[in-house]
Amino acid sequence: MENIQIEIRLFAYLRELLPLESRGVKKIQVKNDLTIDDLMDEIGISEKEIMIVMINGIRKLDYNESMKEGDRVAIFPPVGGG
């Protein structure tokens with residue numbers, strides 16, 4: 001199975017899952033048929049920690065969707081405040 005390269009962007013406290021120098025952005029190699037749900041497992045994020053997932057600027061509600069070469073995946077946690 002061929003690998004592809006994608007860019008992940010983590011926001012708010014999820015940025016702590018990546019090295020500090022990455023500033024929440026990292027390019028990674030993944031399996032060609034990797035789904036959003038699979039990516040969350042690889043990064044170590046549970047579904048309850050996710051509020052919004054966007055691929056190339058488009059919000060995704062189906063986490064079984066596969067990614068393609070060069071996709072930019074942005075993951076936002078729930079944010080509170082007043």
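Student: Why does K60 count as buried?

Tutor: Let's set the value against the cut-off. This is a predicted model, and in it K60 has a relative accessibility of 16%. Buried means under 20%, so K60 counts as buried.

Student: Where does K60 lie, and what is it in contact with?

Tutor: K60 lies in strand β4. Leaving aside neighbours within four places in sequence, K60 is in contact with I36, V53, M54, I55 and E65.

Student: How do you know that β3 and β4 are paired?

Tutor: Pairing needs at least two bridges, and 3 bridges join β3, residues 52-55, to β4. The two strands therefore pair, and they run antiparallel. Within this pair, I55 stands opposite I58 of β4. The hairpin of β3 and β4 has 2 residues between its strands, and N56 takes a positive phi near 55° there.

Student: What makes β3 and β5 partners?

Tutor: The test is again at least two bridges. There are 4 bridges between β3 and β5, which run antiparallel, so these strands pair as well. For V53, the bridge partner in β5 is I75.

Student: Which residues of β3 are on its covered face, and which on its uncovered one?

Tutor: V53 and I55 make up the covered face, while I52 and M54 make up the uncovered one. In a regular strand, side chains alternate between the two faces of the sheet.

Student: Why are β2 and β4 said to stand at the edges?

Tutor: Follow the order of the open sheet, β2-β1-β5-β3-β4, in which the pairing of the 5 strands is mixed. β2 (25-31) and β4 (58-60) each have a single partner strand, so one side of each is left without a neighbour in the sheet. On average, neighbouring strands here are turned by 35° against each other, direction ignored.

Student: What packs on the sheet?

Tutor: Helix α1, residues 36-43, does so, touching β1 (3-10), β2, β3, β4 and β5 (72-76). The direction of α1 makes about 70° with that of β1.

Student: What makes I45 buried?

Tutor: The relative accessibility of I45 is 4%. I45 has its place in the loop between α1 and β3. Not counting residues up to four places away in sequence, I45 touches L10, L14, L17, M40, I50 and I75.

Student: Which residues have the most contacts inside the largest nonpolar core?

Tutor: They are I6, L39, V73 and I75, in a core of 21 residues. The elements giving two or more residues to this core are β1, β2, α1, β3 and β5. As for I6, among the residues that it touches are I28, V30, L39, M67 and V73, with those up to four places away in sequence not counted.

Key. Residues are numbered from 1 along each chain as its sequence is written. This is a predicted model: local features need pLDDT of at least 70, side-chain atom pairs count only at pLDDT 80 or more; totals for chains, interfaces and linings use all residues. Side-chain values use heavy atoms; hydrogens and water are left out. Axes are lines fitted to C-alpha atoms, for helices over the stretch in contact, and angles run from 0 to 180 degrees between N-to-C directions. Contact means heavy atoms within 4.5 Å. A nonpolar core is a set of buried Ala, Val, Leu, Ile, Met, Phe, Trp, Tyr and Cys residues joined through side-chain atoms within 4.5 Å. Buried means under 20% relative accessible area, exposed over 50%, partly exposed in between (1.4 Å probe, protein chains only).
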